[in-house]
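User: I am new to this structure. Please take a close look at a single part, then show me how other parts are built.

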Amino acid sequence: MDSVHVPGLGTESQASALGHTQMVSLLAGIGLIAYGLRLLTTSKLAPSPEASVRNLPRDASHHIDFAVFTTQPVGAASTSGVTLETLPFDNLSLRALPLDPVLRNKVRTVADACFSRVTPVPLQSPKLVATSAGALQLLGLGASEIARPEFVEYVSGDAVLPGAEPAAHCYCGHQFGNFVGQLGDGTVMYLGEIVNEGGERWELQLKGSGRTPYSRKSDGRKVLRSSIREFLCSEASFYLGIPTSRAGSVVTSESLVVRDVQYTGDPVAENCAIVTRIAPTFLRFGSFEIFKKRDPQTGQEGPSPGNYELQRQLLDHVMNTYFADVVAREVPGGDGAASTGDVKVDMERTIEASLRQCGVYLYDLSWVNDRIEVIVSTHPPQHAPEGPDSEVLEQAIRAVREQLWASPQMEAMMEKYELSIATPGASDVLRTDKEFVAWKGFPVVVTTTQPHKKKTKFEGNLVRRDDEFVHLNLKGRPIKVPRELVAEVSLPPPKYEKGDSEMGKLKKKWSWRNAGANAGEGGIVESDGTVAEDTAGGDPWDIEYPEADWGEDDHLPATPKGDSAVARYAAVYREIVLRTARLVAQWQCLGFCHGVLNTDNMSILGITIDYGPFGFMEAYDPDHICNGSDDAGRYRYSAQPEICKWNLRKLAEALDPTLPQTVSLPILEAEYDGTFRREYEDRMLQKLGFLAPISREEDLEMLQDLLSVMESTGADWTDTFRALARVGRGDDLDLVEKQIVDNCCSAEAMAKRFERKADVYPLNLFPENAQKFADLAREDPEELSDILQGPAFSDTETGLQEVAAKSALAETLRQQAATMRQLSPADKRSSDQAQWGAWLEAYQARMAREPDAYHSAGHMDGVNPSFVLRNWVCQTVISEAQEGRYEGVQEVMALLERPYADLPPGCRFAGSAAPEWATDLCVT
């Protein structure tokens with residue numbers, strides 16, 4: 001098997017301190033960004049994960065596409081001459097998108113607008129806590145500007161930067177699986193967008209700067225503890241190589257607000273603080289949910305329900321500003337891109353790009369006499385080909401034809417060539433109801449077990465299959481073949497017909513239902529060479545919007561005709577899917593848990609935003625929950641990949657009808673799981689130092705064994721992977737084992753883990769709820785699925801079984817906790833040593849097969865950090881800052897800037913073990 005059990009799916013630009021040099025090195029497909037460089041998740045107004053990529057494959061058949069964006073060394077931006085008063089603001093979003101006409105800053109529903117104008121509320125006696133020189137250099141600000149007293153005034157909201165236009169963004173969201181209607185920037189204010197000397201666009205925000213129309217019952221303020229957390233983790237993620245927003249500064253003040261820190265009914269007064277946030281944009285999935293109509297489960301709706309004209313305006317802004325290069329690359333000609341001058345080359349590019357829009361790869365393309373033969377696969381060309389399912393193939397054929405005929409030159413060429421699209425490995429036999437629906441209108445061959453009307457084979461266009469017959473259309477004559485006699489229904493080999501002057505007429509008749517396995521000329525080619533009439537009708541250039549989503553008062557976008565609008569939108573959505581899949585793979589590999597993966601916290605650019613109750617996992621536990629408020633464990637570590645996919649599905653819903661779900665959802669299904677799994681597996685094998693192409697299957701099995709041992713012993717995620725490099729260097733195996741076992745959880749800590757799992761709501765369903773859940777399953781299984789965080793049961797009996805199984809699991813976990821508490825420290829350590837000793841011996845043998853194990857160990861140091869922002873480290877400097885001692889924040893910042901370097905001698909934050917006071921630290 002060429003797979004590994006990936007938490008959440010069922011079965012790192014890493015910094016390296018290479019002396020004091022500043023260089024970029026890509027090692028075996030993983031970008032190692034040397035100390036002092038910045039990995040930017042932006043580009044010249046249109047970021048792309050493929051920009052400036054170098055691929056160094058791990059082996060000939062598998063590699064990581066990892067993006068390294070051109071960057072500047074420390075200090076480069078300080079020579080720009082930009083001052084606080086001359087920052088080059090270009091507030092494009094406020095020009096391109098509608099503003100709320102109401103100027104009064106009052107909490108309200110904001111309809112048909114994306115932003116509301118606001119004014120920051122000054123803090124009392126603001127004080128600077130810390131800054132990130134690297135983040136502020138993105139704006140062109142150097143050390144001299146940061147040192148000016150005016151800097152604190154601007155970043156605390158006491159003064160407004162010249163050129164800034166403070167505003168708050170309107171968005172909605174699904175929170176913990178439920179649509180909650182209008183949310184928006186309740187504590188954040190957009191100041192504007194700065195285009196630096198390199199042409200990079202950066203949005204500047206103040207978080208904690210006062211009330212906005214979206215503050216609901218909030219005061220619009222943030223406190224020092226949460227502000228320090230967001231400041232530090234934004235920068236920590238950046239230096240780890242995780243695509244992320246940045247944080248330029250954090251200020252505190254003598255202004256006070258009252259907060260109930262742990263929601264226990266014991267509120268305390270805390271100091272207000274403001275974080276300066278920077279990103280190419282903070283637009284998010286929820287930005288598109290403002291158009292949502294009333295949700296049947298929650299009864300909530302967006303503030304601009306059905307305003308699809310604004311929906312398209314927002315999507316156009318996102319596409320043209322942040323994805324222009326993606327569209328130019330993926331949709332040749334769709335954006336007016338220049339031809340290569342060679343029609344054949346243009347056609348090849350168009351075919352490949354059109355297939356990629358549908359999640360299909362071009363495996364091979366040949367010009368054979370008067371035919372264009374195309375082989376497609378669901379896998380990249382470096383892998384063994386595998387044909388897509390019929391629905392995806394239909395969509396791919398439609399996309400190819402649509403794009404080829406959008407160009408007069410290509411259309412003329414199609415009069416000379418036949419186009420054949422083949423799918424290796426796909427079955428020609430139709431078996432399921434889904435396949436019979438998908439292949440409706442296609443030519444099929446029905447073979448019977450005995451003669452029917454003196455024949456055992458019938459050829460024609462498939463109409464349908466019901467309980468009694470298979471219905472065909474034989475040249476306009478209907479015929480029914482009894483199902484009891486049918487041995488097989490199969491797709492015949494494709495037949496071809498040369499193009500002719502009737503191409504235009506055929507194009508008009510053609511529709512996706514009868515594109516066929518032969519995509520040559522529209523319509524269905526009959527055995528006598530004639531073209532059957534398309535009884536379904538319809539113009540493929542007319543985009544059909546779901547009528548159920550319309551109302552009489554809806555503002556519908558203009559129907560795109562021939563301008564490839566949907567193809568361009570699809571390219572944007574696909575890019576978002578790919579970036580999100582790669583992002584969550586990086587999270588998983590670094591043990592990062594976001595904590596609140598609501599749709600309103602998911603960036604449209606595939607970067608990490610909105611740091612709240614995050615956590616870098618310490619002891620490995622696939623069910624680790626970093627957010628103390630996540631009672632159901634919805635956003636636990638192992639669930640993050642699937643939750644991000646769920647959120648992408650909600651984004652697809654939010655983009656409909658401008659981008660129909662019939663286009664977007666197949667892209668999601670075709671791209672997300674495979675992209676995530678490949679990225680995750682490749683990165684994890686890099687973490688193990690497996691660089692040589694020996695046996696991927698064996699390597700993945702060893703990875704799975706490692707994760708099992710780490711879970712059963714409670715091994716520290718970060719320290720374990722860091723320690724494994726010692727094996728490649730030839731260190732004594734007993735010493736490596738000791739280092740890992742020393743950082744494993746105690747028996748008491750393991751017992752608490754089991755108890756926490758038993759208390760998580762989905763594992764503890766009570767029998768008295770069974771009937772309620774069963775009723776809900778019949779009436780609304782999707783809602784029940786959200787409640788259960790898994791598949792919904794369909795009847796009372798199944799519901800009782802579900803409850804019994806969950807209750808039994810909870811009881812088993814409690815028994816495991818009791819058993820663990822009976823272990824003495826010596827017994828626990830002995831058990832851990834036995835498990836680690838066996839695995840390390842196997843790992844040592846595998847590393848011995850590396851051509852240069854010492855070299856592999858060096859690679860490992862570049863992808864396995866020695867230092868991450870553990871919660872106890874963060875809380876230590878927060879407590880100091882609350883007492884007026886801010887040096888610790890900058891001290892931790894210095895360590896976060898070099899996460900892949902060994903910690904300096906005597907570092908007070910060395911080691912993974914949390915102090916006694918932080919053992920049960922809970923972040924909400």
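**Asn-105 and beyond**

Analyst: Leaving aside residues up to four places away in sequence, Asn-105 touches Val-118, Arg-211, Thr-212 and Pro-213. Contact here means heavy atoms within 4.5 Å. This is a predicted model, in which local features need pLDDT of at least 70, side-chain atom pairs count only at pLDDT 80 or more, and totals for chains, interfaces and linings use all residues. Residues are numbered from 1 along each chain as its sequence is written, and side-chain values use heavy atoms, with hydrogens and water left out.

Asn-105 sits in the loop between α1 (92-96) and β4 (115-117). Helices (H or I, at least four residues) and strands (E, at least two) are DSSP runs, numbered from the N terminus. A polar atom of the Asn-105 side chain lies 2.9 Å from the backbone oxygen of Arg-211. Arg-117 is twelve residues from Asn-105 in sequence, and their C-alpha atoms are 8.0 Å apart. With a relative accessible area of 38%, Asn-105 is partly exposed. The cut-offs: buried is under 20% relative accessible area, exposed is over 50%, and partly exposed is in between (1.4 Å probe, protein chains only).

Ser-132 is another loop residue, between β5 (127-131) and α2 (133-137). Ser-132 counts as buried, at 0% relative accessibility. Its side chain joins that of Glu-235 in a polar contact of 2.6 Å. Such a contact is a pair of N or O atoms within 3.5 Å; within protein, one must be able to donate a hydrogen and the other to accept it, and residues adjacent in sequence count only if both atoms are side-chain atoms. Beyond residues up to four places away in sequence, Ser-132 touches several residues, among them Phe-231, Arg-246 and Met-893. The charged end of Arg-246 sits over the ring of Phe-238, 3.6 Å from its centre. The rule asks for NZ of Lys or CZ of Arg within 6 Å of the ring centre and within 35 degrees of the ring normal.

Next, a strand. Four of the five residues of β16 (residues 418-422) are buried, so this strand is largely enclosed by the rest of the structure. Strand β15 (residues 371-377) pairs with β16 in the parallel sense over five bridges. Pairing requires at least two bridges found by DSSP. Glu-373 stands opposite Ser-420 in β16.

Last, confidence. Mean pLDDT for the protein chain is 79, and 76% of its residues reach 70 or more. That score is the predictor's confidence in each residue, from 0 to 100.
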